[in-house]
Amino acid sequence: MATYKRGGVWWFEFVFRGQRIRESTYSRIKDVAGRIERERRRNLELGTAGLQRRKEPLLFSVAAREFIEINKVHWSRHTLAIREACLRYLKPQFGTMLLSDITGDDVSRYQARRKKPGMNRRTGGSLAASTINLEVRTLREILRKHRLWGNIQPDVRMLRERTDVGRALGDDEQSRLVAA
């Protein structure tokens, strides 16, 4: 347990299950800061982080690995590849966060970052809303499994997807079309 003053406000820092927790207490009173730190640690130890009683808090990266392991027997190879691709982009943003600490604002920041120009490696433009929504749906499935999605769901808005675009033709479809 370490409290320290920074900018006139008390902060605390401790390590919980290998994850460094460093947060502001937003208080200028040291005794209040100590109580806030103890309450935060107690909530983590209870597995709640202010939400509900759970067995134990999990890092997103651990929960994602379990999600893949549990569901890969039910998915086709194609679905497994899509989910693993989604997690490759979700893990840098959420991998070191506890599941119970993920908020709707975190998801909105993720969507905004992925929507920036240059994120599409092929074209150099921005990613399609459907791609970003697929990644958020993967995040949603993981949080739902741990009964945490309902807490942030009202704060998350999916991006509007285009419906006026067609689909790409496969090689065999192109050759049949040319032959016709």
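**View 1. The buried residues of helix α1.** Let's start with helix α1, where A33, G34, E37, R40, R41, N43 and L44 are buried (buried means under 20% relative accessible area, exposed over 50% and partly exposed in between, with a 1.4 Å probe and protein chains only). These buried residues pack against β1, β2 and β3 (19–27), where contact means heavy atoms within 4.5 Å. Helices (H or I, at least four residues) and strands (E, at least two) are DSSP runs, numbered from the N terminus. This is a predicted model, in which local features need pLDDT of at least 70 and side-chain atom pairs count only at pLDDT 80 or more, while totals for chains, interfaces and linings use all residues. Residues are numbered from 1 along each chain as its sequence is written, and side-chain values use heavy atoms, with hydrogens and water left out.

**View 2. The length of helix α1.** How far apart are the end C-alpha atoms of α1? They are 24 Å apart, which agrees with the 24 Å that the 17 residues of α1 (residues 30–46) should span at 1.5 Å a residue. The expected span is 1.5 Å times one less than the number of residues in the helix.

View 3. Strands β1 (residues 2–6) and β2 (residues 9–16) run antiparallel and are joined by five bridges; two strands pair if DSSP finds at least two bridges between them. Look for A2 opposite E13 in β2, and for K5 with its bridge partner W10 in β2. Two residues lie between the strands of this hairpin, and G7 in the turn has a positive phi of about 65°.

**View 4. The hairpin of β2 and β3.** Follow β2 onward to β3: these strands also run antiparallel, joined by seven bridges. Here F14 stands opposite I21 in β3. Two residues lie between β2 and β3 in their hairpin, and R17 in the turn has a positive phi of about 50°.

**View 5. The nonpolar cores.** A nonpolar core is a set of buried Ala, Val, Leu, Ile, Met, Phe, Trp, Tyr and Cys residues joined through side-chain atoms within 4.5 Å. The largest one has 24 residues, of which F60, F94, L99, I102, L139, I142 and L143 touch the most other members. Its largest share, five residues, comes from α2. Leaving aside residues up to four places away in sequence, L99 touches L58, F60, A63, I142, L143, H146 and L148. Another core, of six residues, lies apart from the largest one and includes F16, I21, L44 and L98.
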